[in-house]
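Thanks for coming, everyone. Let me put the structure on the screen, and then we'll walk through it.

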Amino acid sequence: MANRFTEATLGAGIFVLALGVYVWGIPAWVEPSDFAMIPPDLLPRVCVGTIAVLGGWMVLHRLFLDRSTGGAGVDWPRLAKAAVLILVFACGVGLILWQGYLIGGPFVVASLMLFMGTRNIGVIAATALGAPFALFGLFDLLLGIPLP
Amino acid sequence: MLDIIITAFQDALTVQTVVLIILGVFIGQLFGAIPGLSALTAIAIAVPMTYYFTPVGALAFLVAMNKGGTVGGSISAILLNTPGSPEAAATAFDGHPLAKQGKGLKAMRMALFSSVSGDLLSDLVLFAVSAPLAVLALRMGPTEMLAVILFAMTIIAGLVGKSMLKGLIAAFFGILLATVGLDPESGTGRFLFDSPDLMDGLPISAVGIGILAMGEVLRQLILMRNQGNVSHLPMGSGRKEDETVSWAEYRSNIPTILRSAGIGTFIGALPGIGSSAAGFIGYNTAMRRSKKPESFGKGNITGVAATEAANSAVVGSNFIPLLSLGIPGNVAAALILGAFVVHGITPGPNLMQEQGRLVYAVFAAMMLANATNLILGYVGMRFFALIARTPAQIIFPVIGLLCLTGAFITTGEFGMKLVVGFAALGFLFRIFDFSFVTFIIGFVLGPIFELAFRQTYILADGDISYLLDRPVALIIFGFSIVTLLRTMYRHMKRRAG
């Protein structure tokens, strides 16, 4: 039952978001053109409009039309772990761009290995240093593709 | 004719050319196998270097890379569920479930055999009917292109997954994101958010790496957390039939391979559509023709064969417009056109007359590259399978870094940042059961659809009766409608059942 309501809530969220983009987002962020035969906002409007209709239909469908529809429930612990991982990747990207590939790369690999449950310092050090240095050697030194 | 063939092979079988073919195939397979990178990256890097080679050697090197890339792309799609290149996305649908069943090697072998078969057939078509097909391709105007793209988009309906509503939402979201950037007709900005980086739109490599590769990496990182020193793939059963492709299995897939090769060859001859669309159409056609369509997506080896034969067949046939008309069929062909120019050769209608010997030598080199692709691919498979069996707690962090590296190489700082955002989106798609496949198809086909639609609208001056003068387009539109209705009927029947 909970899944059916989760799905309906998801559909409602999509409907509201799409409606917001249709009413405010497109006029604000799609420039008009007097020369084009087909207005630049036509395709975005078709897409967002269709998404809104489908989102609304999803609410009706899940609540009233097909009660057997299950779908995925919200797995909050899983989402929290994903948020941690996204944060690690974001910090890693920041570090790569700020301090360079050979600092940020080991940070990303080592953090993810720790997240995965690896506690062997030797394995972490070997992988976290080995992989970024190997990739740096391949791309930057051997192929001449500069990495940060 | 025999003299021409012998001379062509004599020209192609020099030490330099053979070494370059082997090197090209190896680099192509390697780049293709790395998620986010593709043979395109390798070709882009290599074009300036080819200045120092003979013209035949230079072209053979680049073509070999292109061919190697198609095989390489299937490896990570099957083993890691992260397509090395966008055209291998559909390979993962059935390839990865097979790997999960301990049949990764079998799936990779079928991918290799069908890829080389498709490529070979396409090359033969290129040699035989290059000129007539080029004329046909030239007659395909924007309206016919629009019809072909619409036909490709009806595949979306066939791949929506369990929920058609969610599949369509994802598809339209993909098309919406593809509108970011400058409007193709007036050049006005859409969703630029004052960022000059967005003027060219969202880079496909960043979106693809984020949604397909990084989204999967996030999922696996969470799934395999605290699992100890185990691989994400099970050990093979040790049974020979789970590791090899028997002649009977290959033979039963020959009709699928031939059909997909035909689709890939046709699409490759049309400028601008590309091997990703060919892969999806090949897969969908095989699914529709199958007696057990419900087994697709769960580890049906025919799905692997269909996709690989179709996307590889594009490699040969995209040379048809390039060699005959001087029009590159896709990005790889455009880069290779650069190599022609570097060597002072102008592709076009006079090329066969002026440089016939060179063209036939390149054809011979393509054949050699196919054979090399088969041998290197076969030998390298166990090596790649071994790498993929590295414990999950080592391999996924490294793939995560590889994805970021690939994004930086192809799209710079902006792409690297985008990848993280799209990884989150890809993960949410997986969590809430939205089809990321339809999203990607929408994103890839959206811009070419819009361009063809605008061109057709301008040509027709808004008058729909214009379509009556385009019988080829009308036939393809008809096919699209029939395909869509059939898919909807099957979907409803499946749900009712």
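What pattern does chain A follow, read along the sequence? The pattern is α-α-α-α-α. Keep in mind that this is a predicted model. Chain A has five helices and zero strands. Its length is 148 residues, and 45% of them count as buried. Take the contacts in chain A between residues at least 6 apart in sequence: 56% of these join residues at least 24 apart.

Now the core. The largest nonpolar core has 178 residues. Which residues have the most contacts inside it? They are Phe89(A), Leu202(B), Leu221(B), Leu404(B), Phe422(B) and Phe439(B). Helix α17 of chain B, residues 392–431, gives this core its largest share, 22 residues. Domain 1 (2–65) and domain 2 (76–142) of chain A both contribute residues, so the core lies between them. Apart from this core lies another, of ten residues, including Ile21(B) and Leu368(B).

Zoom in on Leu221(B). Leaving out residues up to four places away in sequence, Leu221(B) touches Leu85(A), Phe89(A), Leu112(A), Phe115(A), Met116(A), Phe396(B) and Pro397(B).

Last, a helix pair in chain B. Helix α9 (residues 204–223) and helix α18 (residues 436–460) have axes that come within 11 Å and cross at roughly 175°. That crossing makes α9(B) roughly antiparallel to α18(B). On the α9(B) side, the contact uses Ile204(B), Val207(B), Gly208(B), Ile211(B) and Leu212(B). On the α18(B) side, look for Phe436(B), Phe439(B), Ile440(B), Phe443(B) and Val444(B). How do the residues of this contact divide? Nine are nonpolar, one is polar and none is charged.

Note on methods: Residues are numbered from 1 along each chain as its sequence is written. Chains are lettered from A and ligands numbered from 1 in the order in which they are written. This is a predicted model: local features need pLDDT of at least 70, side-chain atom pairs count only at pLDDT 80 or more; totals for chains, interfaces and linings use all residues. Side-chain values use heavy atoms; hydrogens and water are left out. Axes are lines fitted to C-alpha atoms, for helices over the stretch in contact, and angles run from 0 to 180 degrees between N-to-C directions. Helices (H or I, at least four residues) and strands (E, at least two) are DSSP runs, numbered from the N terminus. Angles under 35 degrees count as roughly parallel, over 145 as roughly antiparallel, 65 to 115 as roughly perpendicular and the rest as oblique. Contact means heavy atoms within 4.5 Å. Ala, Val, Leu, Ile, Met, Phe, Trp, Tyr, Cys and Pro count as nonpolar, Asp, Glu, Lys and Arg as charged, and the others, Gly among them, as polar. A nonpolar core is a set of buried Ala, Val, Leu, Ile, Met, Phe, Trp, Tyr and Cys residues joined through side-chain atoms within 4.5 Å. Buried means under 20% relative accessible area, exposed over 50%, partly exposed in between (1.4 Å probe, protein chains only). Domain bounds come from an automatic or database domain assignment.
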